[in-house]
Amino acid sequence: MFLYLSKILPLFFYPLGLASVSLIVALVTLRKRPRIATIAISISLAVLLLSSNAWVAKYMVRSLEWQNIPTAQIPNAEAIVVLGGATKSAIWPRPTVDLSEPGDRVIYAAQLYFQKKAPIIILSGGRIDWRGSGSPESADMATILTSIGVPAEALIQEPDSLNTYENAVNVRKILEERQIKKVLLITSAMHTPRSLKIFQRQGIDVIPTPTDFIVSQADLQELVSSPKAAILNLLPDTNNLNQFTSALKEYLGYFVYALRGWL
């Protein structure tokens, strides 16, 4: 039930959901309470304009992504841990497993393995049954990794986790069984601050190795590159809205996980 509610309830706090609720209120109150309807429409407009401009979205994302900038030389460890959320199962018409936007996680894991940063890769992630069918994310990641040359014997699959807390708990059990002390944790840069806290709370000696950075230094420089650019980046854009929503999701997740004592 927690998993279901954790996916549904935050929708009402995200910009699109909040704007939709405000517009529904406006529609219901338009005839008998026009003042309330006007306020609701104003709230909806303000939320969408604020969250869909590049200035707000990119700095919101940066506030998360730049917390754990990787060092120039990634240290060696005993294992690489990759969190799920980066694949789409081979369901028709896909001919094979596809990488989604955070698919950099899988590629980065292969790169670090080939650089001999760790001898094994632990793939953590299941598949929520009411969010589409398919193989566990751990199996999908294994399919990609073996197809690019990572030997199957170097992969350990953990197919039961359905959220980041379960990732940490289930990976800790694997580490204890194999007496592994230090790991590299690979996930998206925006997801790293929360993931790092959760894994550390489980007593795991973890080195953050984020990837899938959305905001670069060049992106921020573009905002102020010229007066025209500064103005244009204030205009609504669906990509900015998506970035803002993703960052807000992380902050809400951090708050909820803190309340449950998982951080």
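Student: How many aromatic pairs does the structure hold?
Tutor: It holds three aromatic pairs. Rings of Phe, Tyr and Trp (its six-membered ring) pair if their centres lie within 6.5 Å; planes under 30 degrees apart count as stacked, over 60 as edge-to-face and the rest as tilted.

Student: Why is the pair of Tyr-113 and Phe-114 called edge-to-face?
Tutor: The ring centres of Tyr-113 and Phe-114 are 5.7 Å apart and the planes stand at 65°, so the pair is edge-to-face. Before we go on, a word on the source: this is a predicted model, in which local features need pLDDT of at least 70, side-chain atom pairs count only at pLDDT 80 or more, and totals for chains, interfaces and linings use all residues. Residues are numbered from 1 along each chain as its sequence is written, and side-chain values use heavy atoms, with hydrogens and water left out.

Student: What makes Tyr-257 and Trp-262 an edge-to-face pair?
Tutor: Their centres are 4.9 Å apart and their planes meet at 85°, so this pair is edge-to-face. Tyr-257 and Trp-262 also form one aromatic cluster with Tyr-165.

Student: Is Tyr-113 buried or exposed?
Tutor: Buried means under 20% relative accessible area, exposed over 50%, and partly exposed in between (1.4 Å probe, protein chains only). Tyr-113 has a relative accessible area of 17%, so it is buried. Phe-114 has 44%, so it is partly exposed. Both Tyr-257 and Trp-262 are buried.

Student: Which charged end sits over the ring of Tyr-257?
Tutor: That of Arg-194, 4.8 Å from the ring centre. A charge sits over a ring if NZ of Lys or CZ of Arg is within 6 Å of the ring centre and within 35 degrees of the ring normal. Arg-62 likewise lies over the face of Trp-66, at 5.2 Å from the ring centre.

Student: At what angle do helix 4 and helix 11 pack?
Tutor: Helix 4 (residues 54-65) and helix 11 (residues 238-259) pack at about 35°, with axes 8 Å apart. Helices (H or I, at least four residues) and strands (E, at least two) are DSSP runs, numbered from the N terminus. Axes are lines fitted to C-alpha atoms, for helices over the stretch in contact, and angles run from 0 to 180 degrees between N-to-C directions.

Student: Which residues of helix 4 and helix 11 meet?
Tutor: Among them are Val-56, Met-60 and Leu-64 in helix 4, and Phe-244, Ala-247 and Tyr-251 in helix 11. Contact means heavy atoms within 4.5 Å. By class, this contact has 10 nonpolar, three polar and two charged residues. Ala, Val, Leu, Ile, Met, Phe, Trp, Tyr, Cys and Pro count as nonpolar, Asp, Glu, Lys and Arg as charged, and the others, Gly among them, as polar.

Student: Why is Lys-249 called partly exposed?
Tutor: Its relative accessibility is 42%, so Lys-249 counts as partly exposed. Lys-249 belongs to helix 11. Lys-249 and Tyr-14 are 235 residues apart in sequence, yet 7.6 Å apart in space, C-alpha to C-alpha.

Student: What makes Leu-155 buried?
Tutor: The relative accessible area of Leu-155 is 13%, so Leu-155 is buried. Leu-155 is found in strand 5 (residues 155-158). Not counting residues up to four places away in sequence, Leu-155 touches Ile-121, Leu-123, Ala-142, Leu-145, Thr-146 and Val-150.

Student: How many helices and strands does the protein chain have?
Tutor: There are 11 helices and seven strands. Of the 263 residues in the protein chain, 45% are buried.
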